[in-house]
Amino acid sequence: MTVYVAADGRGNFNCDGSDDQVEINQALKYAAENPQFSTVYLKGPNTYIISDSILIGSETILEGDPTAVIKLKDQADWPRNKPLITQMDSSGVDRVTIKGFEINGNHDKNEDKMKGQGYYNMISFLDSQNIDVHGMYLHDGHGDGLRVERSSNIKFYNNKVYKLGHDGFYSIDCQNVEAWKNRITCRTNGGLRVWNSNYVKFYDNVIDSFYHWSAGGSAILIEKTTGVVNDVEVYNNTIHHTYGPGIWLIGYGASYPKEEAQNVHIHNNIFYSTGTNPSIDWVGGIVTSGFYDTLIENNVFDNVYHAAIIQMYPSSTSAGNSVDLSPQGTGFTTIVRNNIIVNTQNRTKDPDGTGYGVINCLPSTHTIVMENNCLYNNIAGDYMNARSTSDIHVDPQFANEKEHDYHLKSTGGRWNGKTWVKDPVSSPCIDAGHPDSDYSKEPGNNGGRINIGRYGNTECASISGNIPGYVVWWNQIFSPEWKTFRLLLRIFSLFCFNVLY
């Protein structure tokens with residue numbers, strides 16, 4: 001059963017546009033005390049102005065119309081770590097869902113507080129479990145969208161997040177964390193972040209940055225200091241035009257065993273134009289340090305700044321704080337397999353020594369293993385402190401690079417988003433991946449080998465031509481690329497066989 005909150009007299013509890021958290025909290029308290037009521041529903045269209053936190057109890061759904069808006073009052077002057085929505089019980093809550101409405105952090109009318117310093121986090125839970133936040137519009141805030149600490153079973157999906165003051169979603173010391181199908185534009189810090197959290201999946205998200213001097217964070221940050229971080233998967237995301245790196249993977253602090261920072265899997269993502277910040281040096285596609293056996297495979301990196309993959313960490317001075325971010329230990333390995341890395345640009349800050357496909361700035365403690373990647377047209381070259389005997393260095397033949405369609409051209413068939421089409425040429429990345437990589441999800445006529453790039457081992461992988469990885473001869477001979485060959489063949493035939501074409 002549902003308890004309704006409105007502003008026009010039609011609710012069980014009715015607000016008047018001032019201190020509206022009073023009536024909302026009365027409704028939530030009523031639901032908590034009467035188990036037959038599980039949902040508190042905010043009716044729209046209306047903006048509910050709050051001057052204090054909204055408190056939610058266990059086994060409760062806080063839902064609203066898309067036109068229902070929770071808005072922080074002007075000049076609220078709250079202390080740090082006081083969120084807009086939080087738990088009723090300080091010891092934690094269980095089975096809470098927040099969905100369907102809008103939260104306006106009212107940043108511009110509260111500029112006396114700094115962004116990213118713990119002010120006005122939108123939704124926050126401690127020591128809780130089974131938290132579900134979806135279908136929300138979170139925007140113009142000072143802090144995090146959803147911040148969860150020491151909790152488990154957290155789901156954050158189908159949300160729109162725009163111009164917050166810290167992270168869109170921030171998980172600290174949590175287990176079983178999922179975030180998917182979110183559309184996030186970062187302002188000050190990042191999109192999705194986990195710190196000492198495990199059993200994490202981030203997938204199907206689209207993340208970019210609002211271009212501003214303060215928008216320095218990464219789209220996704222995976223951070224390890226004291227906890228175990230050995231089961232993290234990041235896949236099927238599109239990350240572009242970020243001010244900081246696309247993904248930042250960093251382990252630091254006191255020495256820790258290998259099993260505590262291992263096996264992060266980053267695959268089937270698209271990165272383009274990431275790392276535009278002109279003021280920091282830890283930019284690029286993926287910046288990593290302090291993790292063992294990281295597997296980065298079947299991604300596309302296009303026009304990223306600095307490098308597609310960089311083993312490095314920022315100094316405490318460049319990071320703007322006094323924390324030592326250096327990893328303590330040796331033997332950190334990153335495996336880079338079946339990726340396409342093209343058009344890498346020089347970093348804006350201190351560009352010398354940048355613009356490679358991959359860079360290892362920590363060769364005494366870190367290793368990059370390159371296997372069956374395609375690297376092409378990177379402004380400074382393909383490797384710094386890395387090498388490969390199995391990579392290829394050719395144009396990958398994307399369907400439409402300008403429109404960021406990174407499907408591979410194929411005479412056998414290419415998925416265009418609606419149907420299968422055939423091209424006059426085939427990409428050399430088809431059936432060119434690592435021979436031990438799984439290709440079972442690719443459609444029939446898959447050549448018995450995985451494709452390089454974003455769609456390798458997916459149902460959208462381009463189909464093999466008659467000769468895997470190449471164009472059938474009759475398409476090849478009559479293609480524009482073979483114009484010179486046709487001219488030479490004509491001259492040869494004319495003089496040797498007196499044959500005119």
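Author: A residue is called buried when its relative accessible area is under 20%, exposed when it is over 50%, and partly exposed in between, with a 1.4 Å probe and protein chains only. Cysteine 15 counts as buried because its relative accessibility is 7%, and cysteine 186 is buried too, with a relative accessible area of 3%. This is a predicted model, in which local features need pLDDT of at least 70 and side-chain atom pairs count only at pLDDT 80 or more, while totals for chains, interfaces and linings use all residues. Residues are numbered from 1 along each chain as its sequence is written, and side-chain values use heavy atoms, with hydrogens and water left out.

A disulfide is a pair of cysteine sulfur atoms within 2.5 Å. The closest cysteine sulfur to that of cysteine 186 belongs to cysteine 174 and lies 19 Å away, so the two are too far apart for a bond. By this rule the count of disulfides is zero.

A cavity is a set of points, on a 1 Å grid over the protein atoms alone, where a 1.4 Å probe fits but cannot get out, and lining residues have an atom within 4 Å of a point. Its volume is the space filled by probe spheres set on the points, which are joined across faces, edges and corners. The largest cavity holds about 50 Å³ of space, and the whole structure has two cavities of 30 Å³ or more.

How values were computed: On a 1 Å grid over the protein atoms alone, a cavity is a set of points where a 1.4 Å probe fits but cannot get out, and a pocket is an open set with protein on both sides within 12 Å along at least five of seven lines; lining residues have an atom within 4 Å of a point.
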